[in-house]
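Thanks, everyone. Please bring the model up on your screens.

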Amino acid sequence: MTCGRDFMENPLVKQQTTGELASEDFFDSLTVEQEFMTGVDTDKVSTYIEDCIAQKDPLIKILRLVCMQSVCNNGLKQKVLDYYKKEILQTYGYKHILTLKNLERVGLLKPQSTMRNNYPTIRKTLKLWMEDANEQVCPGIHF
């Protein structure tokens, strides 16, 4: 057995991950992430992110999704970026202004530039996404 398989055979790990992976929220989040990775609807406000903010899901989850959308789309349209910032600050508190500024400073959250979006080229070159993958047959833990 490989190290990854040994890890997944641990009863405690199985118990803790089974509930998480079977939840509807996990699949909704996964679907949105996959849409961002493939470039689907990355130029507008995500209704899933809106719903997560409205339900006051953990801020780290919101920030991860917003940053992923920004990175996969070479930034967010200014209107979309301003909307996310406003919603995050109003919902989670203005103490997170510095968090948003720091994400902007490192380039994870930024307004869309006029430069060409290189993400689709990088995605294909580095084979970050398998277009014709069979999700029923997982070739390994990285899948």
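Start with α6. The helix has 15 residues and reaches 21 Å from its first C-alpha to its last. That is close to the 21 Å expected at 1.5 Å a residue, where the expected span is 1.5 Å times one less than the number of residues. Helices here are DSSP runs of H or I, at least four residues, numbered from the N terminus.

This is a predicted model: local features need pLDDT of at least 70, side-chain atom pairs count only at pLDDT 80 or more, and totals for chains, interfaces and linings use all residues. Residues are numbered from 1 along each chain as its sequence is written, and side-chain values use heavy atoms, with hydrogens and water left out.

Which residues of α6 are buried? They are Val80, Leu81, Tyr84, Lys85, Glu87, Ile88, Leu89 and Tyr92. Buried means under 20% relative accessible area, exposed means over 50%, and partly exposed is in between, with a 1.4 Å probe and protein chains only. An α-helix has 3.6 residues a turn, so residues three or four places apart point the same way. The buried residues of α6 pack against α4, α5 and α7; contact means heavy atoms within 4.5 Å. Just after α6, Gly93 takes a positive phi of about 105°.

Now the salt bridges. How many are there in the whole structure? The search finds seven. The criterion is a side-chain nitrogen of Lys or Arg within 4 Å of a carboxyl oxygen of Asp or Glu.

Stay with α6 for one of them. Glu104 and Lys85 meet through their side chains at 2.3 Å, N to O. Glu104 lies in helix α7, residues 97–105, and Lys85 in helix α6, so this pair ties together parts 19 residues apart in sequence. Glu104 is partly exposed, at 21% relative accessibility.

Next, a network. Salt bridges that share partners join Asp25, Asp57 and Lys61. Within it, Asp25 pairs with Lys61, the closest N and O atoms being 2.9 Å apart. Asp25 lies in helix α3 (residues 24–38) and Lys61 in helix α5 (residues 59–72), so the pair links parts 36 residues apart in sequence. Asp25 is partly exposed at 40%, whereas Lys61 is buried at 11%.

Last pair. Lys77 bridges to Asp43, with the closest N and O atoms 3.9 Å apart. Lys77 lies in the loop between α5 and α6, Asp43 in the loop between α3 and α4, so parts 34 residues apart in sequence are tied together. Lys77 is partly exposed at 39%. Asp43 is partly exposed at 37%.

Methods: Helices (H or I, at least four residues) and strands (E, at least two) are DSSP runs, numbered from the N terminus.
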